[in-house]
Structure formats: C-alpha cells, structure tokens
There are 2 protein chains.
Amino acid sequence: MTTDNRVGAHHPADAGDLVRLSINQQTVRQLSIPQLVRGCRALGIPGVGLWRSPVQAFGVERAAQVVRDAGLTVTSLCRGGFLTASDPREWNAALADNRAAVDEAATLGTSTLVLVSGGLPAGAKDLAAARERVAEAIDRLAPYAAERGVRLAIEPLHPMFASDRCVVSTLSQALELAERFPAEHVGVVVDTYHLWWDERVPEQLVRAGRSGRIAAFQLADWVTPLPEGALLGRGQLGDGCVDLRGFRERVDAAGYGGPVEVEVFNPQLWQRPGTEVLEEVAGRYREHVR
Amino acid sequence: MTTDNRVGAHHPADAGDLVRLSINQQTVRQLSIPQLVRGCRALGIPGVGLWRSPVQAFGVERAAQVVRDAGLTVTSLCRGGFLTASDPREWNAALADNRAAVDEAATLGTSTLVLVSGGLPAGAKDLAAARERVAEAIDRLAPYAAERGVRLAIEPLHPMFASDRCVVSTLSQALELAERFPAEHVGVVVDTYHLWWDERVPEQLVRAGRSGRIAAFQLADWVTPLPEGALLGRGQLGDGCVDLRGFRERVDAAGYGGPVEVEVFNPQLWQRPGTEVLEEVAGRYREHVR
C-alpha cells in the first residue's frame, strides 16, 4: 500500500497533460470502484469523484483504501444537501444525513462535499424561504464539517431543476449563500452544464476566485433535446455548445488550480465499455478543455 | 358585423372579473379559430392570443374578421423571431419572414408581435454574438413594425431553451436588448413559466414598468417532471409551484394594466373538450391569479 496520494502521482509519463483531470463516478456508472480506479490509473488520470450510494454499497473504508492504494485522489464526494424541508423533523433528519456524508468525505480523504440544496417542498411556492432553510442548515453543518477537514461546496443547478432538485440556480445565488460563512468552510461548485447559459458567470467567477470560494470545477456539455425528466441529458465533452476551454480558462484566471472533474450523466455512455469511455473522456479533455 | 373591439366588450355581466383575461390559442389547440372565439365569448373572456401557423391556415383576414365580429380582441400574435442565423442569406430570409409576421399582426389588429430570438446556429458556442445578431435584426424590423402600429415584444425563454430556441434567457437580457430602441417600438414579454425561478425578476419588473416596456404578460405554471424536449410540459394554472397571484401583483405594480394571456402548452389539455378547458382556465384564473 502506498500512502502517496498527491494529485498526479503515479501517472504514466506521457499523461502529464491529464494532471488535473478527475472522473466522476457517474460518468462511468458501469464500472465498479476498483475498475474505475484501475482504469484511471492506467490512463494517468489522477482523480476520481465519488458518490455516496455506490461508496456505501462498496464500503466507505474499503473505497478509501482502493483509491489510496492506487495513488489516486478523491476530488469530491457527491452529495450532501436536500436541506429545504419545511417540516422540522424532516429537516433535522436531513442534517443528520449530511453529518454522515461529512464523515464519509473525511474517511475518503476528500476535503470537498458537494451540496445540492434540494427543491421546493410539496405545495410550496417560496424559493427565497427554501433558500433560507438551506442557509440555516449550512450554518449548523459547516462547523461540524470544518472540524473534520471537509468544506461544504454549494452547487448551483440549472434553473430547470429549481422546483424539484435545487433552489440555488445561479453562481451568484450560491456565492451569496457561501459568503455568509468563512471561505475555508463553505465554497461553491462551478459546473459548466448548469451555468453555461448565464452571462453573469464571468464576473461571478472573478468574485468567487477573489474570495477563494471555488471548491470544485465540474464539466459536462449541453446537448438537446433534453430527455424526459431532464436529469440524464448531459453531453460528452465536445458534443454540445459549451465553450469548455473558454470556461476553464476563466475558472483558472479566477485563481482556481484544482481538479477538473468530468461528470456526465448520460445513459449512452453507460451502455459502452467503461474503459473505452474513460479513454474517450481523456481524449475529449485534451481536445476541448486543456 | 360589430366594430366594437374594445377589450371586455360583449362579455356576460357576471364575467367582469375576466376583463383582462386572454386565451392563447396554444392552450386549446383542439379548437378552431371560430370555436375558440365562440367559447371565449360565451364565458366572457375578451381576448385571444393567436399563432401565425393556424392563422395562416385559416386565412389572416378571415381570422381578423371572426375575432372582430365577436367583439373580441387579439392580444398578441406569436411569433416572430428566430433571428440568430450566422449565414447572411438565412438571416435575411428570417427578416423577410418577420416583416410578414408584422403585416399579419397589423391585419389582426394586434399591436403586439411576440419575438422568440432563436437559438445557437449549429456548431456555434457564442451566445453573446447570437444576441447581437438579434439586436441587429430588431434594428431593421422595429421601424417597419412601428409604421404598421406593431410593437416588437422580446420574450425571454427559460434557460433550458438557450441553445435551441432562444438565446435571451432572462428579463434582464430582454430589457437590455429592448432598451436600445424606443419603448413604443420594442417591449418585452413577461411569462411566468420562463421567469418564475429568477430572483431578479421583481427588480427587473420595476425597471421594465418604469420605461413602459411590458408589452405582454403570459401565464403558465411550472410542473415537473419535464417531458422529453421540455417544450410541452407547462402546467395549468394552479397545478404547479409558481406564485401566480404574487407575480401578477408585481406586474400590475410595475404599471402594467393590459391583458393577462394564458398560454399553456400541454398535450393533456389538448385531449379534453376545448370548451371544458376554457371553463377550467377561467376558474383557475379566478382562483389563482385575479
């Protein structure tokens, strides 16, 4: 077992250009955690983003060890959040679940827990009130997370998810939430899929960078038509209309130098051999991002 | 034939509360133009919003006369636009088509031509450049429209349509475009479905009202899950999570006193008897909007 888990350790000599690349587990859902780790290591991809549910099924400690043994890094854990319940019992249960997520992130050795806020409770129409419940929850969770070396990363989701998944729809809103807390405790996730359409993003990236709030940078392309439910319609890098390289350059210019995590929810990718998809992602990353 | 086409003329005495209501033809696609007009008149609904394609199929002059004869008003014509082509020939063809739309609006006696900007051309990634082509087209079209008593009404569509349908995604962007031109020539459409999620809407409505830019107010509710393609997933008033009454009150407070046009694209409504849907819309309007 190696304890060297620096980003980029152990990658093949010709893969230095992938030194910032991370593969989110959802991009290759067909791969088990060991398969994912082996595939990334073989290609010189130094990071993986993990999800709670498959990690729990595999075993959190075990997952941590498999990644560590391969010399890879867990760049983020997805996801905490869903903190908008108006029923106090539900809201407290969500807090407890998020504390568990923090523990899992700490075990995995990642400092980034992605938070998806949650949507409107059934029958509710007040987005601002729901956002306030998220803020109150973060106020409770952030110290707990900080003590464990984990930063909460608020992810704005595309406005098409505002009612059922995430009441935080723009980078501006995410920053307004995050800025109520110390930057080392609460940051934001910048995801091209959710933000590409918003003309305010360049100025908001500057704002986010200045205060050190960019906790994670995730990539997917925007393609249409959207599938039913909109959730699984993300595009492979280069298949859509997002200026991924321009976006990455802006994020870098804002002072972010961390992992670039590819997170593409797309059933077409899941039907193909996972290692083939990993190779394709690496190639697309070189062509469209780096 | 009557020539009295004031809004609200000829409605039953007990329907004074519907005096601002207009039914967009797409809400009851199963009704012919004469059926739509008869159904609205019977319920005391004084306005209809029409679409170019069914109007052309029926005959523009003839549609104008049917509406006029019933003492109803055409509150808007949908839609011009699709002005983002980067190919000059396509762009000029779009201009010509929009001049025809202006002529049709004038014939129908409506002063409001709704413009949906158009999406990104195939392979393009530059939203700002596409918006500039829209601005240039409006610069050409607005005088032509103004001479015919027609105001161009820029409609921001939900960001989920930014790539394939409308590069103008927010009320703020629509106003920035409109404000390059005189308010009597170019306004904006405020549609609850497209804008409900955006926290900046209240301040942008004030801005729009102050400069007299609100050319039309359209209503649909937001419901999930979105259907494939996202286009036909609008909710009947009251079925979703939009605070329709609060929204209408803000639009009124901004100084708008014009028609409130219900435009719900929803195949479930089209499968029911059209007059039943009209009655339901009137009831929902009373319950959730007025």
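The stops below go from the whole assembly down to a single side chain.

Before you click: this is a predicted model, where local features need pLDDT of at least 70, side-chain atom pairs count only at pLDDT 80 or more, and totals for chains, interfaces and linings use all residues. Residues are numbered from 1 along each chain as its sequence is written, chains are lettered from A and ligands numbered from 1 in the order in which they are written, and side-chain values use heavy atoms, with hydrogens and water left out.

**Stop 1: both chains**

**Stop 2: a stretch of chain A**

Now select residues 40-279 of chain A, which an unreviewed UniProt entry annotates as "domain: Xylose isomerase-like TIM barrel"; such annotations may be inferred rather than shown by experiment. The end C-alpha atoms of this span lie 9 Å apart, and it is 44% helix and 18% strand (helices are DSSP runs of H or I, at least four residues; strands are runs of E, at least two).

**Stop 3: strand β5 of chain B**

Hop over to chain B and pick residues 151-154, strand β5. Are its faces covered or open? Both are covered: R151(B) and A153(B) on one side, L152(B) and I154(B) on the other, are all buried (under 20% relative accessible area with a 1.4 Å probe, protein chains only). In a regular strand, side chains alternate between the two faces of the sheet.

Strand β4 (112-116) runs parallel to β5(B), joined by four bridges (pairing takes at least two DSSP bridges), and L113(B) sits opposite L152(B). With β6 (186-191), β5(B) also pairs in the parallel sense, over three bridges; there L152(B) has V186(B) as its bridge partner.

Show helix α6 (171-178) too: the chain passes through it from β5(B) to β6(B) in a right-handed β-α-β crossover (clockwise from first strand over helix to second, with the strands pointing away from you).

**Stop 4: Q26(B)**

Last, select Q26(B), in the loop between β1 (21-24) and α1 (33-43). It counts as buried because its relative accessibility is 8%. Leaving out residues up to four places away in sequence, Q26(B) touches W51(B), V264(B), F265(B) and W270(B) (heavy atoms within 4.5 Å).

How values were computed. Buried means under 20% relative accessible area, exposed over 50%, partly exposed in between (1.4 Å probe, protein chains only).
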